[in-house]
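Reader: I'd like a close look at the charged pairs in this protein. Take me through them one by one, then move on to the neighbouring topics you think belong with them.

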Amino acid sequence: MNYLVISPYYPQNFQQFTVELANKGITVLGIGQEPYEQLDQSLKDALTEYFRVDNLENLEEVKRAVAFLFYKHGPIDRIESHNEYWLELDAALREQFNVFGAKPEDLKKTKFKSEMKKLFQKAGVPVVPGAVIKTNEDVDKAVQEIGLPMIAKPDNGVGAAATFKLETEDDINHFKAEWDRETVYFFEKFVNSSEICTFDGLVDRDGNIVFSTTFDYAHTPLDLMIYKMDNSYYVLKEMDPKLRKYGEAIVKEFGMKERFFHIEFFRDGDDYIAIEYNNRPAGGFTIDVYNYAHSIDLYKGYADIVAGDPFPGSHFEPLYCLATSRRASSHYAYSEEELFDKYRKQLKVKKIMPAAFAELQGDYLYMLTTPSREEMEQMIEDFGKKA
């Protein structure tokens, strides 16, 4: 089997996917922008060949690189980056070279918030009213039919970027003044809940869920962006059966195969409201957080299902796993040394956040496990408490 990794160097923790695929005897090829000399030794050892391009965003240049690797090594069986930024490139290359996996047509339902909402409804999962916004008239109609407050996001967009909270007439006028009229927006009713949780996991080549978990955000992504808060989220030991039922119905409706998924929900009392479906793992170091919570190795597990082998389940009781960040510029009540001493048994790892994530999420990320929710909440308070 020939497996082509797009951008094998970045993000660094995803290099382990390449290593584990190679450990399964799969021929792993790479295309990226970084010079070969910059690659970690373990990554060099795992790659059968690495083709450097000047610009990964130049589709024609990347196609030529794939064609060369195809000519030299034979047909490509998989093309993947696992990276939100390269999802469309991955899909275009799969279509061009007739490779298994999501094609550009398949991505429409995961790119556009308006399309996601239709599939959530088909899956029988609660959503809030929404509208596609292309003109000022659409804005006025949405105000009249949906009512304030609303959240305005690009219909095709990632995370909380270019998001507006619309509560007053002044907010509407501000949006109209800022809007470039080229970006299609999606307005939806504002949900008065600060509780965001997820249904995350991995499906095999037949679309069956082989692993699933859930985590809660301590703060919403919108609050992180607006207030520059420290990011904290935590994998839960147990999943609400209602959340599992909704998540499984959504995964079935979207029909993806042999890939990770990351679905976000608002928790609304004892119910849930679907927010968005992401056709990839959750960002940053979250796969490592899942691994610590479930005593599992998802890098290896993914390689197993690609190779057609059974997914190796965990034989251990799940734990809470907290991922909590700190900013180099902030002054905290407790020093890092004091916290490391207090939680030496619970602390699993400290990570330096990549520059791309640091401004939004913090400079350093700490992962800790505990069987106790009370202790986990104390950890959030201790790591986040300002001087």
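Author: Glu-49 is buried, because its relative accessibility is 15% and the limit for that class is under 20%. This is a predicted model, so every value here is computed from it. The side chain of Glu-49 forms a salt bridge with that of Lys-72, at 3.0 Å from N to O. Glu-49 sits in strand β3, residues 47-52, and Lys-72 sits in helix α3, residues 59-73. The pair therefore ties together parts 23 residues apart in sequence.

Why can such pairs form at all? Side chains of opposite charge can pair when their charged atoms come close. Across the whole structure, a search finds 27 salt bridges.

Stay with helix α3 for a second pair. Lys-63 and Glu-60 meet through their side chains in a salt bridge of 3.7 Å, N to O. These two residues are 3 apart in helix α3, so about one helical turn separates them. Their surroundings can be read from accessibility. Lys-63 has a relative accessible area of 18% and is buried. Glu-60 has 44% and is partly exposed.

Some bridges share partners. Lys-24, Lys-300, Asp-304 and Asp-309 are joined in this way into one network. One of its links is the salt bridge between the side chains of Asp-309 and Lys-24, at 2.7 Å from N to O. This pair connects distant parts of the chain, 285 residues apart. Asp-309 lies in the loop between α12 (298-306) and β15 (320-326). Lys-24 lies in the loop between α1 (15-23) and β2 (27-32). Asp-309 is partly exposed at 33% relative accessible area. Lys-24 is partly exposed too, with 32% relative accessibility.

Now the cysteines. How many disulfides does the structure hold? The count is 0. A disulfide needs the two sulfur atoms within 2.5 Å. Cys-197 is buried, with 0% relative accessibility. Cys-321 is also buried, with a relative accessible area of 0%.

Next come the strands. Strand β9 covers residues 196-203 and pairs with β13 in the antiparallel sense, over 8 bridges. Within that pairing, Thr-198 has Glu-264 of β13 as its bridge partner. Phe-266 stands opposite Ile-273 in β14. β13 and β14 form a hairpin with 2 residues between the strands. Gly-269 in this hairpin takes a positive phi near 65°.

Last, the start of the chain. Asn-2 is placed in strand β1, residues 2-6. Asn-2 counts as buried at 9% relative accessibility. What does Asn-2 touch, leaving out residues up to four places away in sequence? Its contacts are Thr-27, His-73, Gly-74, Pro-75, Ile-76, Asp-77 and Arg-78.

Terms used:
Residues numbered from 1 in each chain as written. Predicted model: local features only at pLDDT ≥ 70, side-chain atom pairs only at ≥ 80, totals over all residues. Heavy atoms only, no water. Buried < 20%, exposed > 50% of the residue type's maximum accessible area, 1.4 Å probe, protein only. Helix = DSSP H or I, 4+ residues; strand = E, 2+ residues; numbered from the N terminus. Contact = heavy atoms within 4.5 Å. Salt bridge = Lys/Arg side-chain N within 4 Å of Asp/Glu carboxyl O. Pairing = 2+ DSSP bridges.
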